[in-house]
Amino acid sequence: MQRILLFLYSLRAFLLFVFLEAIAIWLIVSFNSQQGSAFFNSSNQFSGKILGVKNNVSEYFTLAEVNRRLVDTNAELLAELEMYKKPADSTFIQLDSILTAKFEFKGAKVINNSIRLSQNHLTLNKGENQGIKPGMGVFNGQGVVGRVKGVSKNFSTVISLLHTDLLISSKIESTEVFGSIKWDGKDPQKAKMLYIPRHVKIEVGDKIVTSGYNAVFPEGINIGIVAEVNQGSDTNYLDVTVSLSTDFTKVSYVYLVENDIEEELDSLYLNSEINNER
Amino acid sequence: MSGSRIFYLIGGFIIYLLIQTLVLKNLVLFGVGFCFLYIIYLILLPIETKTIPTLLIAFGMGLIVDLFYDTLGIHTASLLIIAFIRRPWIKILTPTGGYDDNLQPTILNMGFGWFMTYSLPLILIFNISFFFIESMGTDLFIPVVQKIIASAIFVFVMSNIVQLLFYRRRRGI
């Protein structure tokens, strides 16, 4: 018995190594999934505070660029508002409000971002206290940015569109053919559009927007334009490369969108045993 | 081990972590060269440091860096590997006459040739482990190899610069 204990004692460094390595692997497996807990990532209070302070300093260097963007976005919104003004007609018919999905928008500032790994994340300076919930869609004036993964009291972590596990339901704007956008982990300006059948006519330069089918994003938010169409190795689908409209190197302010009827849709899908695409 | 020495070790730990998570995280050369400079802290621990304290330091350091990179466990797992093989590797490389006491294995103390044979394999093992775990489940072999090689060279060059600028002979941070 004593010899066994002595033997184990002589191996103590190795045993500690195996033990700590096992903890690390357990952490990798259980917290790196998309719906992982928000506790052990950059949205927790400790790292969130430090990142917040750092961002307060560094944002001064990008103020000019941010201002220009805000002005651009304002101009676009004003133009859009013009379109929604009621026509000067006495027989204006309001569409039934039940038919329209109910979306709520919120703004937030990006305090941490990465684009070079194969699974990238962003951290935002708003959290549960400001009404952010896991699952909300994130976009900016240029296009789709990602999806909220986890929230703490004052910060939240977002899975970037540049994450090899994130699928975004999308469609070709002109032909309404829908597919899924997924990043292939190579170039931060390019992504793949999956599940486009071979018979579909698709041209370089076609605009890709969100489809509104998975109830995370409203319909029609920019994703990018088709950059390349190949026959690909898959016999059923085309190999479509999309050049993303969002410049992930310069994401500084984002909007978050929440769909009020998402829960209802989700439970409907659950009851009818359909797997909704995430 | 004197009091000022412990102070230098703890101070170095905090400074390396702050610089890594706040500055170097955003520095990626040509989209492939990552700068994981903080592993140099572990590589440059005094030669006589036992494996168990090294493992504990590596675990703490890895977890903190992981928090900021949103890669929970990946830095930790990779850093633990080099913490574990560091001591056997130092023993294999013992020069004739053995090591002096209380010595840090820096370029200034050990010479460029010895430091390169010592640190380059450790840096490479860290990068191989990190990028393979990080891209697990994707079919990105060529980009991963590019990242591993570019990052290893980048970290090695940066570590030389840091040592020449901020470390003193026989003592230092």
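In chain B of this predicted model, the buried residues of helix 1 pack against helix 2 (39-43) and helix 3. Those buried residues are Tyr16(B), Gln20(B) and Thr21(B). They fall within an arc of 110° seen down the axis of helix 1 of chain B, so they line one face of the helix. Chain B also touches chain A, with helix 3 of chain B giving the largest share of its side, 6 residues.

**Helix 1 of chain B**
- Helix 1 of chain B runs over residues 3-22, which makes 20 residues.
- Its first and last C-alpha atoms are 29 Å apart, close to the 28 Å expected at 1.5 Å a residue.
- An α-helix has 3.6 residues a turn, so residues three or four places apart point the same way.
- The other side of helix 1 of chain B has exposed residues: Gly3(B), Ser4(B), Phe7(B), Gly11(B) and Ile14(B).

**Helix 3 of chain B and Ile57(B)**
- Ile57(B) sits in helix 3 of chain B.
- Ile57(B) has 18 C-beta neighbours inside 10 Å and therefore counts as partly exposed; a buried residue needs 20 or more.
- Leu42(B) is 15 residues away from Ile57(B) along the chain, yet their C-alpha atoms are separated by 8.0 Å.

**Helix 4 of chain B**
- Helix 4 of chain B covers residues 74-92, 19 residues in total.
- It reaches 28 Å from first to last C-alpha, close to the 27 Å expected at 1.5 Å a residue.
- A kink of about 40° lies at Arg86(B), shortly before Pro88(B).
- Arg86(B) is also one of the buried residues of helix 4 of chain B.
- Others buried in helix 4 of chain B include Ile74(B), His75(B), Leu79(B), Leu80(B), Ile82(B) and Phe84(B).

**Helix 7 of chain B**
- Helix 7 of chain B takes in residues 141-166, or 26 residues.
- At 1.5 Å a residue it should span 38 Å; its end C-alpha atoms are 37 Å apart, which agrees.
- Its buried residues are Val144(B), Lys147(B), Ile148(B), Ser151(B), Ala152(B), Phe154(B), Val155(B), Ser159(B) and Gln163(B).
- These pack against strand 1 (28-29), strand 2 (33-34), helix 2, helix 5 (107-110) and helix 6 of chain B.

**Contact between the chains**
- Chain B brings 24 residues to the contact, and chain A brings 27 residues.
- Helix 3 (51-69), helix 4 and helix 6 (112-134) of chain B each supply at least two residues of the side that touches chain A.
- That side of chain B divides into 16 nonpolar, 6 polar and 2 charged residues.

**Transmembrane annotation**
- The unreviewed UniProt entry for chain B marks residues 6-23, 28-47, 67-85, 106-133 and 148-167 as "transmembrane region".
- Residues 67-85 of chain B are 79% helix and 0% strand, with end C-alpha atoms 25 Å apart.
- Residues 28-47 of chain B are 25% helix and 20% strand, and the end C-alpha atoms lie 31 Å apart.
- In chain A, the UniProt annotation "transmembrane region" (unreviewed entry) covers residues 7-29.
- That stretch of chain A is 96% helix and 0% strand, and its end C-alpha atoms are 32 Å apart.

**Chain A overall**
- Chain A contains 5 helices and 12 strands.
- Of its 278 residues, 31% are buried.
- Among chain A contacts between residues at least 6 apart in sequence, 61% join residues at least 24 apart.

Definitions and conventions:
Residues are numbered from 1 along each chain as its sequence is written. Chains are lettered from A and ligands numbered from 1 in the order in which they are written. This is a predicted model: local features need pLDDT of at least 70, side-chain atom pairs count only at pLDDT 80 or more; totals for chains, interfaces and linings use all residues. UniProt positions are given in the numbering used here, feature names are shortened, and annotations may be inferred rather than shown by experiment. Helices (H or I, at least four residues) and strands (E, at least two) are DSSP runs, numbered from the N terminus. The expected span of a helix is 1.5 Å times one less than its number of residues. The bend at a residue is the angle between axes fitted to the seven residues ending there and the seven starting there. A residue is buried if 20 or more other C-beta atoms lie within 10 Å of its own, exposed if 12 or fewer, and partly exposed in between; C-beta atoms are placed from the backbone. Two residues are in contact if their C-beta atoms, placed from the backbone, lie within 7 Å. Ala, Val, Leu, Ile, Met, Phe, Trp, Tyr, Cys and Pro count as nonpolar, Asp, Glu, Lys and Arg as charged, and the others, Gly among them, as polar. The arc is that of the directions from the helix axis to the C-beta atoms.
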